[in-house]
Amino acid sequence: MTLLHRTDGDGWVDCACGRRHWGRFGAAGLMLVDQGNRILLQHRAPWSHEGGTWALAGGARSSRETALQTALREAAEEAAVDPNAVTPTHSWLEDHGPWSYTTVVAHATGVVHPRAADRESVEVRWVRLDEVADRPLHPAFALAWPALRDEATRRLVLVVDAANVVGSRPDGWWRDRAGATARLRDGLSALAARGLAARTFKLPADVWWPEIRMVVEGQARGVESAPDVTVVAANRDGDALIAAEASRAVDDRPDDHVVAVTADRALRTRLEGVGARVFGPATLLAVL
């Protein structure tokens, strides 16, 4: 078992709420969900703040980290979770002004062998979602748990009508449709990596890391997939394929948030008919 890990974020903050919180630059933790609808909980060491309770592996952010980076690092240090086996889905922010805590929700998409990896953990254990509330939880985690529980297994699937989005702004796309579509793909890839604000598509939580499916047709059919963006080429009817992709996403994981982006009115009706929510290109372009 390793010694405690130190960063420049270690330290207490006197918060506007009247309490002291750990983390000079805020703090973050990882809520890891597996395919058996279990989450990974940490039994906190007796000497730690709220010792003896159960919560998520987490800790203070350093001045050079994002909340996601902190959550992954802390889970690796405290529970031996391999960051490469984790795919973030969304995060929740508790913002007190001078201090904040971010809960990063992620799915285990690789092999995870958790264990108590440092002195801050007495034990780490997979716990079924419906049994979490039965344990003596860290008070802040207990307050957040109902909202966390509701969204725990959900993901955001974003289906993009590439031709419609590209054609929605007069930037010269007609001179090179494939090039314009590739630029859209690259923008979507960057968006998927950094995450998008939940309010963009009127979703709960704070940030979502979407799974993106971009449907292309015509002269853009040669555009290939990129990290976090699956490009699907339509041989004939692009609208039919977009509706089929949305329908498949809804059918595969009915609890997921499935959002489609298009301005085509007839297609919008088809998409809403299969259970997707639909937004226009301007909403997406505003966050690219």
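Analyst: The lining of the largest cavity is made up of 6 nonpolar residues, 1 polar residue and no charged ones. In this classification Ala, Val, Leu, Ile, Met, Phe, Trp, Tyr, Cys and Pro are nonpolar, Asp, Glu, Lys and Arg are charged, and the others, Gly among them, are polar. The model is predicted, so local features need pLDDT of at least 70 and side-chain atom pairs count only at pLDDT 80 or more, while totals for chains, interfaces and linings use all residues. Residues are numbered from 1 along each chain as its sequence is written, and side-chain values use heavy atoms, with hydrogens and water left out.

The structure holds 1 cavity of 30 Å³ or more, and the volume of the largest cavity is about 40 Å³. On a 1 Å grid over the protein atoms alone, a cavity is a set of points where a 1.4 Å probe fits but cannot get out; a pocket is an open set with protein on both sides within 12 Å along at least five of seven lines; and lining residues have an atom within 4 Å of a point. Grid points are joined across faces, edges and corners, and a volume is the space filled by probe spheres set on the points.

Leu 30, Leu 32, Leu 40, Leu 41, Gln 42, Ala 57 and Ala 75 line the largest cavity. At least two lining residues come from each of S3 and S4, and S4 gives the most, with 3 residues. Helices (H or I, at least four residues) and strands (E, at least two) are DSSP runs, numbered from the N terminus.

Ala 75, one of the lining residues, is among the buried residues of H1. H1 (67-79) has 13 residues and reaches 17 Å from its first C-alpha to its last, close to the 18 Å expected at 1.5 Å a residue; the expected span is 1.5 Å times one less than the number of residues. Of the 13 residues of H1, 11 are buried, so the helix is largely enclosed by the rest of the structure. Buried means under 20% relative accessible area, exposed over 50%, and partly exposed in between (1.4 Å probe, protein chains only). The buried set includes Arg 73, Glu 74, Glu 77 and Glu 78 as well as Leu 68 and Leu 72. The cover over these buried residues includes S3 (27-33), S4, S6 (57-60), S7, S8 (100-108) and S9 (121-128); contact here means heavy atoms within 4.5 Å.

Just after H1, Ala 80 takes a positive phi of about 60°. Most residues other than glycine have a negative phi. Ala 80 sits in the loop between H1 and S7 and counts as partly exposed, because its relative accessibility is 24%.

Thr 53 counts as buried at 12% relative accessibility. Leaving out residues up to four places away in sequence, Thr 53 touches Gln 42, His 43, Arg 44, Pro 136, Leu 137 and His 138; Gln 42 also lines the cavity.

S7 (86-95), together with H4 and S13, supplies at least two residues each to the lining of the second largest pocket, and S7 gives the most, with 3 residues. The volume of this pocket is about 300 Å³. Of its 15 lining residues, Thr 87, Pro 88, Trp 209, Pro 210 and Asp 228 are the closest to its centre. By class, the pocket lining has 8 nonpolar, 4 polar and 3 charged residues.

H4 and S13 lead on to the largest nonpolar core. A nonpolar core is a set of buried Ala, Val, Leu, Ile, Met, Phe, Trp, Tyr and Cys residues joined through side-chain atoms within 4.5 Å. The largest one has 29 residues, and Leu 158, Val 160, Leu 184, Leu 188, Phe 201 and Met 214 have the most contacts inside it. Elements giving two or more residues include H4 (177-194) and S13 (211-216), and H4 gives the most, with 5 residues. Apart from this core lies another, of 22 residues, among them Leu 72, Ala 79, Ala 85 and Ala 106. Leu 72 and Ala 79 are buried residues of H1.
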